[in-house]
Amino acid sequence: DATPSFLSPFLFNSRLTSPDAEPNRSSGSRRRRDRAPAAMSGMEEEENAAELKIGEEFLKAKCLMNCEVAIILEHKWEQLQHMSDGGADQVSQVFEKSQAYVKRFSRYKNPDAVRQVRETLSRYSLVEFELCTLGNLCPDTADEAKALVPSLVPGGRFDSDDRVDKMLNDLSLIKKFE
């Protein structure tokens, strides 16, 4: 099987969520009810991506870059083509459009490069949504990266623009040698 091992958990789950997500739907609806009184009383904090106040659901969620989704959908497409009863004919228009979208906007095409991007960005202790935003958009400069991901502003987890520049340089090297 040519599927990269880092994507295997996503190929067999129907839901693309974090491994510790609760499968019980009733607990999710209970959480929503619990939040409603806090929101009505004004006690709920305002979301702010620059300070990584994005909500508990997003902080725990496993995010995928477009290039990772493209690999998953390509693998699924190949599985459907090998089905004996015309599985490829049963592909929905949403599937086809989703596949076309992620292929078009994937910055990395090679599965090894995709793995390297995730590993490289993971070394910088990024939150999942930061990692995926940078992996999808591939900014060229620290200023561009900070505009796209405000939580990268020096003074927080990043002590200087030099660290952001090093991270972006690491990404550009992966792209160059892909």
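Is Cys132 buried or exposed? Cys132 counts as buried, at 6% relative accessibility; buried denotes under 20% relative accessible area, exposed over 50%, and partly exposed in between (1.4 Å probe, protein chains only).

Before the tour continues, note that this is a predicted model, in which local features need pLDDT of at least 70, side-chain atom pairs count only at pLDDT 80 or more, and totals for chains, interfaces and linings use all residues. Residues are numbered from 1 along each chain as its sequence is written, and side-chain values use heavy atoms, with hydrogens and water left out.

**The cysteines**

A disulfide is a pair of cysteine sulfur atoms within 2.5 Å, and the structure holds 0 disulfides. Next select Cys67, which is in no disulfide; its nearest cysteine sulfur, that of Cys138, lies 8.0 Å away. Cys67 is buried, with a relative accessible area of 2%.

**Helix α5**

Now select residues 93-105, helix α5. Helices (H or I, at least four residues) and strands (E, at least two) are DSSP runs, numbered from the N terminus. The 13 residues of α5 should span 18 Å at 1.5 Å a residue, and the end C-alpha atoms are 18 Å apart, which agrees; the expected span is 1.5 Å times one less than the number of residues.

Within α5, highlight the buried residues Phe95, Gln99 and Val102. Viewed down the helix axis, the buried residues fall within an arc of 75°, so they line one face of α5; the arc is that of the directions from the axis to the C-beta atoms. Show α4 (66-81) as well: the buried residues of α5 pack against α4, where contact means heavy atoms within 4.5 Å. Finally, turn to the other side of α5, where Gln93, Val94, Lys97 and Arg104 are exposed.
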